[in-house]
Amino acid sequence: MPLKKLLMIPGPTPLPQEVKLAMAREMVGHRSKDFSALFKEIIPMLKKCFQTEGDVMVMPGSGTIGMEAAVANIISPNDKAVVLNTGNFGGRWTKILKAYGAQVVEIKYAAGQAAQPEDLKKALEENKDAKAVYLQHNETSTAVLNDVKALAEVAHQHGVLTVVDSISGLLTADLPMDSWKLDVVVAGAQKAFMIPPGLAMVAVSKRFWDAQKNSKSPKFYMDLAWYKKTYDEKGETPTTPAISLIVGLHEALKLILAEGLPNMFNRHERMMRAARAGARALGLKLLAEDKNASRAVTAVSGDFDCEALRKIVREKHGITLAGGQGDLKGKIFRIGHLGYAQESDILVAYSAIEQALIEMGQKIEIGASLVAIQKEIVK
Ligand SMILES: *Cc1c(COP(=O)(O)O)cnc(C)c1O
């Protein structure tokens, strides 16, 4: 019998049955009344997820297209931008900004460290001509949750736009866009939205539109004003939307709003606690400190080959864990716990991890992580 599979990477995540069935439906025309009606329902639902009254645009493409749109629509060549680089995805902001000819002031942090408001304050005082600050809500590569509220406050005091990649963060931890005065928040389909990859959601503030009008970077497909105009005037998308993904998104949004954001944040926080309790019980190291621990993914290391561990867990137990990215390749493994995931998944993963560690000759006490996790769950 083929192994039952459990995907525990920080996106794509497993899909709820409701989403899979909805996505199997026959095509509808994207200029039809039926599709327009569906799309009109989706936008207000998305606004609830971003906790904003501003505009939300849905772009076909992976999350990165939303990041690029957040650069192309703000930055003109030679504009200055500050990047808070807490890992691989922070580095992606720098690369995109440079591709658009921006002058980048990058503050780079060691793996596992969160961005510090004092550092941003200093950078903005030294660079008074900076236009925007680019950061991650949840840095997936190092499993760090940044204090977006505090960072955005500093940005706001200095009159720069705050652009947040929350591709893996949104819905896993609170991010009230309007009350924290964020100007752009980017999310992605395949993370906590529980649908397959292929959509980026970009939420923007009024201040963003002022900057957008003046941005001189060339853009066509990525011109967010085109999206807004077509939504507002026709209730349609500018180009052919990814219809099946949008239909799946509609189902996922129903599930998300039925659970409710506070419950969703709580579920992710509980999974984070369980994953950390398991690692500690086995004497493994956690890359991020408790105070900036990601709710979406946990990065773990130990005195063994993490890639060998992942191979055993995948091949013998059907569970896919993520490896390290960039410099962290081979040095850590990451347990994804976002979207369609629950505490019992963490237990199953640690049972496989324990068995693999024993197979690899590690001296651990069998069941130690399972006891610790269950104690955490019933607490
Ligand atoms: C997954 C992810 C991305 C990249 O998204 P793609 O869909 O691969 O383009 C960007 N930023 C963060 C924080 C992510 O977790």
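1. Two strands pair here if DSSP finds at least two bridges between them. By that rule, β3 and strand β4 (residues 103–108) run parallel over 6 bridges, and K80 has Q103 as its bridge partner in β4. Strands (E, at least two residues) and helices (H or I, at least four) are DSSP runs, numbered from the N terminus.

2. Before going on, a word on the source: this is a predicted model, where local features need pLDDT of at least 70, side-chain atom pairs count only at pLDDT 80 or more, and totals for chains, interfaces and linings use all residues. Residues are numbered from 1 along each chain as its sequence is written, and side-chain values use heavy atoms, with hydrogens and water left out.

3. On its other pairing, β3 is parallel to strand β5 (residues 130–136) over 4 bridges. There, A81 is bridged to A132 of β5.

4. How many residues of strand β3 (residues 80–85) are buried? The count is 6 of 6, with buried meaning under 20% relative accessible area (1.4 Å probe, protein chains only). In a regular strand the side chains alternate between the two faces of the sheet. Both faces of β3 are covered, with K80, V82 and L84 on one side and A81, V83 and N85 on the other.

5. Now for helix α4, which holds T94. T94 is buried because its relative accessible area is 7%. Its side chain makes a polar contact of 2.5 Å with that of E106 (N or O atoms within 3.5 Å, one able to donate a hydrogen and the other to accept it; residues adjacent in sequence count only if both atoms are side-chain atoms).

Notes:
Buried means under 20% relative accessible area, exposed over 50%, partly exposed in between (1.4 Å probe, protein chains only).
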